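Okay, everyone, thanks for coming. Let me put the structure up, and then I'll walk you through it.

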Amino acid sequence: MANLTINGKVYNLDVEADTPLLWAIRENAGLTGTKYGCGIAQCGACTVHLDGVAVRSCGITVSEAVGKQITTIEGLASESGLHKVQQAWLENDVPQCGYCQSGMIMAVTALLKDNPKPSDQDINDAITNICRCGTFAQVREAIHAAANA
């Protein structure tokens, strides 16, 4: 059993300690916004926040996440509306297939928390998520729009 705090709610999950956090989130907690992409922590589709830091959840075990605050794409918006990054994504027509977008949005929100006005080089260095549709130009526009919101 593992007690995980996801989006402010405690989940008591029957999982092994070495289970990848991604699978505990998706299969056991039922929060399917976090996507499986590569399984080797390279593509970023599974990005979540662990104590506010963007991590690739396929490369983190449940035991590493116990006692920490986990935020998924489902926990990003507030009662007052979408997070400014989610809003910028819509306004800048970022998603095509959309599969990578939840992980990309999570990586960007962490970047903007640490660096509210990133340069293009800061974006290049911090956002290493892969988009097979090639929406990187729209992603950059949306990041700058969110930074200016």
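So, to start: where is Gly67 found? It's in the loop between α2 (62-65) and β5. When I say helix or strand, I'm using DSSP runs, H or I of at least four residues for helices and E of at least two for strands, numbered from the N terminus. Gly67 is exposed, with a relative accessible area of 74%. On that scale, buried means under 20% relative accessible area, exposed over 50%, and partly exposed in between, with a 1.4 Å probe and protein chains only. From Gly67 to Asn148 it's 81 residues in sequence and 34 Å in space, C-alpha to C-alpha.

Quick housekeeping. This is a predicted model, where local features need pLDDT of at least 70 and side-chain atom pairs count only at pLDDT 80 or more, while totals for chains, interfaces and linings use all residues. Residues are numbered from 1 along each chain as its sequence is written, and side-chain values use heavy atoms, with hydrogens and water left out.

Now the sheet. Five strands make an open sheet, in the order β2-β1-β5-β3-β4, with mixed pairing. The edges are β2 and β4 (53-56), each with a single partner strand, so one side of each has no neighbour in the sheet. On average, neighbouring strands here are turned by 40° against each other, direction ignored. Pairing, by the way, takes at least two DSSP bridges between two strands.

Zoom in on the start of the chain. Strand β1 (residues 2-6) and strand β2 (residues 9-13) run antiparallel and are joined by five bridges. Ala2 has Leu13 as its bridge partner in β2, and Asn3 has Asn12. The two strands form a hairpin with two residues between them, and Asn7 in the turn has a positive phi of about 55°.

What lies across the sheet? Helix α1 (residues 21-28) lies across β1, β2, β3 (47-50) and β5 (69-71), and runs at about 80° to β1. Helix α4 (residues 101-114) lies across β3, β4 and β5, at about 40° to β3. Those angles run from 0 to 180 degrees between N-to-C directions, with axes as lines fitted to C-alpha atoms, for helices over the stretch in contact. Contact here is heavy atoms within 4.5 Å.

Let me stay on α4. This helix has 14 residues and reaches 20 Å from its first C-alpha to its last, close to the 20 Å expected at 1.5 Å a residue; the expected span is 1.5 Å times one less than the number of residues. Why call α4 largely enclosed? Because 12 of its 14 residues are buried. Among them are Gln101, Met104, Val108 and Leu112. The cover over those buried residues includes β3, β4, β5, α3 (84-91), α5 and α6.

Take Gln101, in that helix. Gln101 is buried, at 5% relative accessible area. Leaving out residues up to four places away in sequence, Gln101 touches Trp89, Val94, Pro95, Cys131 and Thr135.

On to charges. How many salt bridges does a search of the whole structure find? Two, where a salt bridge is a side-chain nitrogen of Lys or Arg within 4 Å of a carboxyl oxygen of Asp or Glu. One pairs Lys113 with Asp114, with the closest N and O atoms 3.9 Å apart, and both of those residues are exposed. In the other, Asp120 meets Arg140, with the closest N and O atoms 3.3 Å apart. Asp120 sits in helix α5 (residues 120-126) and Arg140 in helix α6 (residues 136-147), so this pair ties together parts that are 20 residues apart in sequence. Asp120 is partly exposed at 38%, and Arg140 is partly exposed too, at 24%.

Last stop, the cysteines. Cys43 counts as buried at 12% relative accessibility, and Cys46 counts as buried at 3%.

That's my tour; over to you.
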